Amino acid sequence: MKHINTTFHQLLSPLPRHQFQKAVDRHQGDRKSSKLNCWTQLSAMLFAQFTGRDSLRDVVENFNSKKHHHYHLGVQPIKRSTLSDANRDRPVAIFTETFFYLLEKIRGQLGKKDRSEMVRLIDSSTIDLNLKQFAWADFRSTKAGVKIHTVYDPHAEVPVFFEISHAKVNDRKVLEHLPVLPEMTYVFDRAYNDYAWYYLLCQQNTRFVGRMKSNAQYEIIEKRAVNQPNLLHDQVIKLSGLAGKKCPQNLRRITIIREEDGKELTFISNDLKCEAQEIAALYKSRWQIELFFKWIKQNLKIKRFVGRSENAVKIQILVAMIGYLLLRLAQIGSTSKRSLQGIAKLISLNLTSRRCLIDLITKPPETEPPVQASLQRELRLAIQ
């Protein structure tokens, strides 16, 4: 009979130990660390993600309680103080590189699309923190927080880039760090209203769709026919005023009435060819990145942190993202019709079980016979 390793071991299989070690060696992650290596740290933090552990003590006690599985995982028992120190001091770059390594695996499995067909959604989400415990992340007078700036691929259903900053950092300030590729389509909201950036996108032959601010100054160059009941305006414009000089390019201004609530929305785009409804539909696709943020906050441990330093918070968020990619790889590899949330729950309950991961995800649950039928069968046997 073929030996089956734990679900956890199988889930980690897309991340070979030697590949992870390359990132560790590049950043000297294991230097002067004989008690807890980076692989054990990553495994313990992923264990915490998949099993929903809430505190450092909770992580350590439960991880060590599964020590009979440690040999095959290539890990060792951990101490609370040692894990705390590792999360505080280890280079965040190790986990960032690991995230992008797994991201390339997903791209390889799904296949690459033509750039002109690729859509990327840009947004950010704030994670609230206790000001007394995380004073370094002060945000408002009564709270602290960090912000996850994300570029999301709705086709692959994964973040292709993210950056963690203090919550007070304006979204426009991270634009220079966001990867923008020619010939692709980027969709974003009013927080990314930056005319110089708009012009940069135009120069790169990159299409964009965003929300236009109500106080924006512009001149109407052309009025186009409005032939849809919820379409109010379809115009070619040129931005004016002092700020408008940063983008000396003809743009598109489209105003629609949203059917769900009757709200008036105005979009700005550098696409002068597509139908107005197509541009509006592109902006509507933004709901997918909002669902992603909602999913990770509900299903991963990024609202309660096991460390209080900035480094520890960043590592925990990065490990959560790595966990998300591992779940997504399992979903893709199994061709399962289960939702990612359903897969996450199954793995949480069976993390240290010796079950085939593909079978666990793919096969429908075994149905127990109804209680009444079972009792009748036992009664018949007793009579005989």
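In the predicted model, helix α10 (residues 276-284) has Ala 276, Ile 279, Ala 280, Leu 282 and Tyr 283 buried, where buried means under 20% relative accessible area with a 1.4 Å probe and protein chains only. Viewed down the axis of α10, these buried residues lie within an arc of 155°, so they line one face of the helix; the arc is taken from the directions from the helix axis to the C-beta atoms. Helices (H or I, at least four residues) and strands (E, at least two) are DSSP runs numbered from the N terminus. The cover over the buried residues of α10 includes β1 (119-129), β4 (185-187) and β5 (207-211), contact being heavy atoms within 4.5 Å.

The model is predicted, with local features requiring pLDDT of at least 70 and side-chain atom pairs pLDDT 80 or more, while totals for chains, interfaces and linings use all residues. Residues are numbered from 1 along each chain as its sequence is written, and side-chain values use heavy atoms, leaving out hydrogens and water.

An open sheet of mixed pairing is formed by nine strands in the order β3-β2-β1-β4-β5-β9-β8-β7-β6; two strands pair if DSSP finds at least two bridges between them. Its edge strands, β3 (158-166) and β6 (218-223), each pair on one side only. Strands β1 and β2 (residues 144-153) run antiparallel and are joined by nine bridges, with Leu 121 opposite Tyr 152 in β2.

Ile 317 is among the members of the largest nonpolar core, of 115 residues, that touch the most other members. Such a core is a set of buried Ala, Val, Leu, Ile, Met, Phe, Trp, Tyr and Cys residues joined through side-chain atoms within 4.5 Å.

Key: Buried < 20%, exposed > 50% of the residue type's maximum accessible area, 1.4 Å probe, protein only.
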